[in-house]
Amino acid sequence: MTPEAVERFFGRYERFFTQSLAGEVDGGAMAALYAPAFIAASPLGVMAGRNDDAFHRALSDGYAQYRAIGTIGMRVRGVTLSPIDPLHAVAHVDWTATYGKPGQPPVDIDFTVHYLMQEWEGHPRIFGWISGDEQALLRQHGIIP
């Protein structure tokens, strides 16, 4: 798995995210970036999931929630790769989320998510992620109460 392949991967991820924020959710295309099963860790705990119809619905619901709180953009600022072995790595992805409320200037919030990556059939995909406290960050910036 090369740094260039992972950067291209997250370029696609960013494009799918942008489309979804515009209301053009392609849950199948987005879900194709994930392994058949995955883990996630955040301040809410650790969970395991399957890349199935329920996950596709959760993606659509998640993007609807992002739109509802005023998310108007999500941009990758940078990707750093920490290889584990030839088939696995951690991708440290720096994001900037942009939020807009009518009559107010946009607000940019920077954050990092750590993605557990696996090369599968010649392509990288996500089998897990570790994120910070998104809700606290949104409250801190006045995006949510």
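**Exercise 1. Determine in which sense, right-handed or left-handed, α1 passes α3, and describe how the two helices pack.**

Step 1. In this predicted model, α1 passes α3 in a right-handed crossing; a crossing is right-handed if the near helix is turned clockwise from the far one by less than a right angle, and left-handed if anticlockwise. Helices (H or I, at least four residues) and strands (E, at least two) are DSSP runs, numbered from the N terminus.

Step 2. Two packed helices are described by the angle between their axes and the distance between the axes. Here α1 and helix α3, which covers residues 53–68, pack at about 65° with their axes 9 Å apart; axes are lines fitted to C-alpha atoms, for helices over the stretch in contact, and angles run from 0 to 180 degrees between N-to-C directions.

Step 3. The two helices α1 and α3 are therefore roughly perpendicular to each other, a term that covers 65 to 115 degrees, while under 35 is roughly parallel, over 145 roughly antiparallel and the rest oblique.

Step 4. On the α1 side the contact is made by F17, S20 and L21, and on the α3 side by Y63, Y66 and R67, where contact means heavy atoms within 4.5 Å.

**Exercise 2. Work out the order of the strands in the sheet and name the edge strands.**

Step 1. The open sheet is formed by 6 strands in the order β2-β1-β6-β5-β4-β3, with mixed pairing; two strands pair if DSSP finds at least two bridges between them.

Step 2. The edge strands are β2 (45–50) and β3 (71–85), each of which pairs on one side only. From one strand to the next, the twist averages 25°.

Step 3. Helix α1 (residues 3–21) packs on this sheet and touches β1, β3, β4, β5 and β6, its direction making about 155° with that of β3.

**Exercise 3. Find how β1 pairs with β2 and with β6, and how β5 pairs with β6.**

Step 1. Strand β1 (residues 34–42) runs antiparallel to β2 and is joined to it by 6 bridges, with M47 of β2 as the bridge partner of A40.

Step 2. With β6, strand β1 pairs in the parallel sense over 4 bridges, and I130 of β6 is the bridge partner of A41.

Step 3. Strands β5 and β6 pair in the antiparallel sense over 8 bridges, and W120 stands opposite H123 in β6. Their hairpin has 2 residues between the strands, and E121 takes a positive phi near 50° there.

**Notes.** Residues are numbered from 1 along each chain as its sequence is written, and side-chain values use heavy atoms, with hydrogens and water left out. Because the model is predicted, local features need pLDDT of at least 70 and side-chain atom pairs count only at pLDDT 80 or more, whereas totals for chains, interfaces and linings use all residues.
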